[in-house]
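Student: Hi! I have a structure open and I'm new to it. Could you walk me through it?

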Amino acid sequence: MTAFASRRGRHGDIDWDWDLRSVNGRGLELRLRLPEGIAGLEQAVRNALSARLARGNVSLTLRQTRAAAEGALALDDDQLDRVLHALEHVQQRAFTLGVTLAQPTAADVLSQKGVVVAAPSVVSEEGLVEWLLTDLGVLLDEFINAREAEGSALAAVIQGQLSQIESLVEEATGAADLRRDEARLAMAAAFRRVSDEVSEIDETRLTQELALLALKSDVTEELDRLRAHVAAARELIGDPQPAGRRLDFLAQEFNREANTLMSKSGSMRLGRVGLDLKAAIDQMREQVQNVE
């Protein structure tokens, strides 16, 4: 979900700069910094981003400036009238008091505050929003291309981690098979000891208890579910639709099965493989957080 894109645009006498970036997040969180006073822009931008992005903490900044160009100044006629009336009043007052003043020049009048102002924009507000949204669409294309490039690299990393998990599952299967043979011999020895030490024994009850013990330590279901999770994760990675949340949930299921496997390990070898399996799953979960 991490990506960055920037873009500059211009229409009429308005320049603007876009800055769009995102970092990892469970859902879609938008932080917008837009110029004030442009009606309808913020909601339109939110709609455009929400339509094309599904996850990530996304920050969008738009800086807008008026282009410096010849003829970008104008006169405020109301302020000019007020200044001229004030000058006329000053001249009459000075004449009444017998004071002679030089006639003000045009430069004197223009230098008064508020007489010369920036020329009105040649772009209407509606026209500006339309141009900005069109440019935002191009920016989003560039942003999504950057995300997809990172996503392709990330998919290769996760595929490698799934292959490692798959290999560890097969190693755990071998360790479980070896442990099963050892457990069978240990149970047989225990059965003989009990038979020798106890004169009366309910063989049916003893057989049931041994079967229950074997069932509790069996990890076949956990290993089968881990294989199914690997297949499901690969299918999600190949899905063109956003799959980050589903992969995140699946990673939790991976971890649940690995924990159960550890609790049933019953042998050093299977326990060691279980630890390696949990480490590989944790590494995959970290990468899954980057998937949209």
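Tutor: Happy to! One term to begin with: a residue is called buried when its relative accessible area is under 20%, exposed when that area is over 50%, and partly exposed in between. Please also keep in mind that this is a predicted model.

Student: Okay, let me try that out. Is Glu-222 buried or exposed?

Tutor: Glu-222 has a relative accessible area of 4%, which is under 20%, so it counts as buried.

Student: Where is Glu-222 found? And what is it in contact with, leaving aside its neighbours within four places in sequence?

Tutor: Glu-222 sits in helix α6. With those neighbours set aside, its contacts are Glu-257, Thr-260, Leu-261 and Lys-264.

Student: And Ser-163, how does that one count?

Tutor: Ser-163 belongs to helix α4. Its relative accessibility is 36%, so it counts as partly exposed. Ser-163 and Arg-234 are 71 residues apart in sequence, yet their C-alpha atoms are 9.9 Å apart in space.

Student: Let's zoom out. How many helices and strands does the chain have?

Tutor: There are 8 helices and 6 strands. Going along the sequence, the pattern reads β-β-β-α-β-β-α-α-β-α-α-α-α-α.

Student: How much of the chain is buried?

Tutor: Buried residues account for 33% of the 292 residues. The chain exposes about 17,600 Å², and 53% of that comes from carbon and sulfur atoms.

Student: Switching to the strands: what is the order in the open sheet of 4 strands?

Tutor: The order is β1-β2-β4-β3, and the pairing is mixed. Strands β1 and β3 are at the edges with a single partner strand each, so one side of each has no neighbour in the sheet. On average, neighbouring strands here are turned by 15 degrees against each other, ignoring direction.

Student: What do β3, helix α1 and β4 make together?

Tutor: They make a β-α-β unit, and it is left-handed. Helix α1 spans residues 41-52. It lies across β2, β3 and β4, and runs at about 145 degrees to β3.

Student: New topic: which residues touch the most other members in the largest nonpolar core?

Tutor: Those are Ile-165, Phe-254, Leu-277 and Met-284, in a core of 30 residues. Helices α4 (125-197), α6 (220-237), α7 (244-263) and α8 (268-288) each supply at least two residues to this core. The most come from α4, with 9 residues.

Student: Can you follow up on Ile-165? What is it in contact with beyond its neighbours within four places in sequence?

Tutor: Beyond those neighbours, Ile-165 is in contact with Val-230, Phe-254, Leu-277, Ala-280, Ile-281 and Met-284. There is also a second, separate core of 25 residues, with Trp-16, Leu-34, Leu-41 and Phe-143 among them.

Student: Last one! Among contacts between residues at least 6 apart in sequence, what share joins residues at least 24 apart?

Tutor: That share is 80%.

Terms used
Residues numbered from 1 in each chain as written. Predicted model: local features only at pLDDT ≥ 70, side-chain atom pairs only at ≥ 80, totals over all residues. Heavy atoms only, no water. Buried < 20%, exposed > 50% of the residue type's maximum accessible area, 1.4 Å probe, protein only. Contact = heavy atoms within 4.5 Å. Areas by Shrake-Rupley, 256 points an atom, 1.4 Å probe, with all protein chains shown as cover. Right-handed = clockwise from strand over helix to strand, strands pointing away. Pairing = 2+ DSSP bridges. Axes fitted to C-alpha atoms, helices over the stretch in contact; angles between N-to-C directions. Core = buried A, V, L, I, M, F, W, Y, C linked by side-chain atoms within 4.5 Å.
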